[in-house]
Amino acid sequence: MAKPALPQGTRDFPALVVRKRNHIFSTIKQAFELYGFQPLETPAMENIDTLMGKYGEEGDKLIFKILNNGLDRSEKHITAKNDFEKLLEGKTIKGITERALRYDLTIPFARYVAMNHGQLIFPYKRYQVQPVWRADRPQRGRYREFYQCDADVVGSYSLLNEVELASIYSRVFEKLKINVEIKINSRKILAALAEICGGAEKMPDITIAIDKLDKIGLDKVKEELLQRNLSAAQVGIIENFLKISGGNESMLHQAEELVGNTESGKKGIEELRFILSYQAPNSNVKIDFTLARGLNYYTGVIFEVKALDVQIGSIGGGGRYDDLTGLFDVPGIPGVGISFGVDRIYDVMEELNLFPDDVITGPQLLFFNLGENEARHAFSLLQQLREKGIAGEIYHESSKFDKQFKYAEKKAIPYVVIIGSKELENNSCVLKHLQSGEQQTLTTGQLLTYSF
RNA sequence: GAGGUUGUAGCUCAGUUGGUUAGAGCGUCAGUUUGUGGCACUGAAGGCCGGGGGUUCGAGACCCCUCAUCCUCCCCA
């Protein structure tokens with residue numbers, strides 16, 4: 001037997017980590033619920049047709065495919081071998097693989113909406129917190145299995161949805177005590193920029209290049225734009241656009257001068273202005289015209305959340321898209337959504353020491369086991385405490401104090417309850433707080449009403 | 001898909017120009033200690049040196065292959 005190991009790019013989460021992650025998950029879920037979003041869960045696997053072709057050529061390669069069962073049956077050998085030949089050519093063959101692991105939450109959501117649009121109440125607001133799988137090469141902060149936390153509203157063009165989603169971001173990060181800036185931009189403004197720099201077909205080139213600004217700097221972006229066949233004059237316009245800075249309103253003015261004479265430019269600026277009009281004066285929502293977001297399906301307002309006190313990539317992002325379910329032959333359902341990057345949020349909180357102490361506690365007390373009769377009595381008291389919602393344990397066997405103390409200490413259990421023959425006799429117990437070393441003798445009645 | 005890093009005890013790591021029986025710290029277990037832990041002392045268990053091949057009288061160390069790992073790029077969260 002080989003040494004046990006994890007599959008590449010996956011992780012085990014020990015108790016403390018699970019508790020911390022759950023703290024993040026539950027904070028996010030509470031916020032989603034508070035804004036009227038409803039939970040949705042979809043299967044780990046989808047039919048391969050549902051996923052293939054939805055994430056671009058690169059994406060298709062990163063989808064984990066599931067091998068069909070029963071290929072060893074002799075009557076299937078000939079077709080299986082033929083199919084496998086085609087598989088080797090890089091095609092996806094249903095005879096070999098009919099199913100694949102979920103690659104993100106958006107496409108399964110779209111599939112769900114397309115299948116159930118007759119029954120759903122629109123606008124449909126759902127949130128979904130589940131793992132996804134990608135056959136990517138793992139590296140720092142990148143895994144083959146990771147959680148996504150998405151909330152989307154579909155079936156509504158109202159910008160009020162954008163306002164609400166921005167507000168969810170604010171609320172969640174405030175609760176988690178992470179200082180953030182919520183950056184917004186509009187793809188319509190970027191479309192307008194493309195329009196005056198060579199036409200709409202330049203849009204992907206421009207957004208892909210701009211998206212890298214943070215990482216590679218202005219000069220390299222200009223270089224890349226030139227490589228993508230934009231003229232020096234056009235690159236100059238883009239540079240001016242990217243250099244727009246100042247307060248939100250001032251930035252909108254400057255953008256107006258550059259792209260305000262186009263239809264989509266006007267529209268995009270109007271949208272941003274509307275959303276900003278809902279923000280409090282000290283709001284952390286900030287225009288960032290250099291924000292592009294790589295995904296090409298975004299068509300309207302786009303978001304990205306940046307942590308201010310830690311050098312790390314974005315910890316959340318999202319935006320509006322025109323036609324979620326068109327790929328599944330149900331046209332005309334627009335939507336807008338956001339997503340939280342849980343792994344990075346975790347790293348930020350760990351680095352800034354933001355996890356509250358009470359998320360990391362397990363059981364409150366340990367009953368010592370000092371013999372058969374003592375244990376029976378301790379067990380009955382423990383059960384009564386559990387009825388009151390107090391988590392506790394009884395040591396699994398009668399043994400030396402030393403061992404039982406060390407067990408409690410290692411599990412970070414704050415209290416131990418000692419019931420030996422003396423205590424058994426006079427119906428009392430010794431309650432000891434490990435950290436302070438203080439202990440007191442209580443009657444069992446007092447123990448049952450003690451506030452831990 | 002491209003480039004690099006590191007694989008030695010449960011964990012973190014030493015191991016000299018190739019030389020006898022591969023070490024330390026932490027952790028684990030037992031004892032000093034059968035009603036009060038953290039400390040101390042004593043002792044014990046724990047290793048196909050990632051795997052395979054080669055060079056050599058001799059390989060943990062050198063060479064080749066392979067697997068795993070982490071990191072960077074592409075792409076993405």
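**Close-up views of a predicted protein–RNA model**

**View 1. The loop holding N353.** N353 is located in the loop that runs between α14 (342-351) and β12 (365-367); helices (H or I, at least four residues) and strands (E, at least two) are DSSP runs numbered from the N terminus. The model is a predicted one, in which local features need pLDDT of at least 70 and side-chain atom pairs count only at pLDDT 80 or more, while totals for chains, interfaces and linings use all residues. Residues are numbered from 1 along each chain as its sequence is written, chains are lettered from A and ligands numbered from 1 in the order in which they are written, and side-chain values use heavy atoms, with hydrogens and water left out. The phi angle of N353 is near 60°, a positive value in a residue other than glycine. N353 counts as exposed at 66% relative accessibility; buried means under 20% relative accessible area, exposed over 50%, and partly exposed in between (1.4 Å probe, protein chains only).

**View 2. K177, with positive phi.** K177 is placed in the loop between α6 (160-175) and β7 (180-186). Its phi is near 65°, which is positive although K177 is not glycine. Most residues other than glycine have a negative phi. With a relative accessible area of 60%, K177 is exposed.

View 3. F122 and P123 are joined by a cis peptide bond, with omega about -5°. Most peptide bonds are trans. P123 belongs to the loop between α5 (106-116) and β5 (124-133).

**View 4. The Y297–Y321 ring pair.** The whole structure contains 23 aromatic pairs. Rings of Phe, Tyr and Trp (its six-membered ring) pair if their centres lie within 6.5 Å, and planes under 30 degrees apart count as stacked, over 60 as edge-to-face and the rest as tilted. Y297 and Y321 make an edge-to-face pair, at 6.1 Å centre to centre and 80° between the planes. The pair links distant parts of the chain, 24 residues apart: Y297 is in the loop between β8 (285-287) and β9 (298-307), and Y321 is in strand β10 (residues 316-321). Y297 is partly exposed at 37% relative accessible area, whereas Y321 is buried at 4%.

**View 5. The Y415–Y450 ring pair.** The ring centres of Y415 and Y450 are 6.1 Å apart and the planes are at 75°, so this pair is edge-to-face. It too links distant parts of the chain, with Y415 in strand β14 (residues 415-418) and Y450 in the segment after α18 (444-449), 35 residues apart. Y415 is buried, with 14% relative accessibility; Y450, at 24%, is partly exposed.

**View 6. An aromatic cluster and two charges over rings.** One aromatic cluster is made up of F32, F37, Y127, Y169, F173, F303 and F340. The charged end of R21 sits over the ring of F13, 4.0 Å from the ring centre. R126 lies over the face of F109, with 3.9 Å to the ring centre. A charge sits over a ring if NZ of Lys or CZ of Arg is within 6 Å of the ring centre and within 35 degrees of the ring normal.

**View 7. The surface near RNA strand B.** RNA strand B is surrounded by 30 residues, the closest being R134, R142, Y143, S421 and E423; a residue is near a strand if one of its heavy atoms lies within 4 Å of it. These residues divide into 16 charged, seven polar and seven nonpolar. Here Ala, Val, Leu, Ile, Met, Phe, Trp, Tyr, Cys and Pro count as nonpolar, Asp, Glu, Lys and Arg as charged, and the others, Gly among them, as polar.

**View 8. Base atoms of RNA strand B beside the protein.** A base oxygen is 3.0 Å from an N or O atom in the side chain of K432, and a base oxygen is 3.3 Å from a polar backbone atom of K422. A base nitrogen is 3.0 Å from a polar backbone atom of L434. Helix α16 supplies the largest share, seven residues.

Conventions: Polar contact = N/O pair within 3.5 Å; in protein donor to acceptor, adjacent residues only side chain to side chain.
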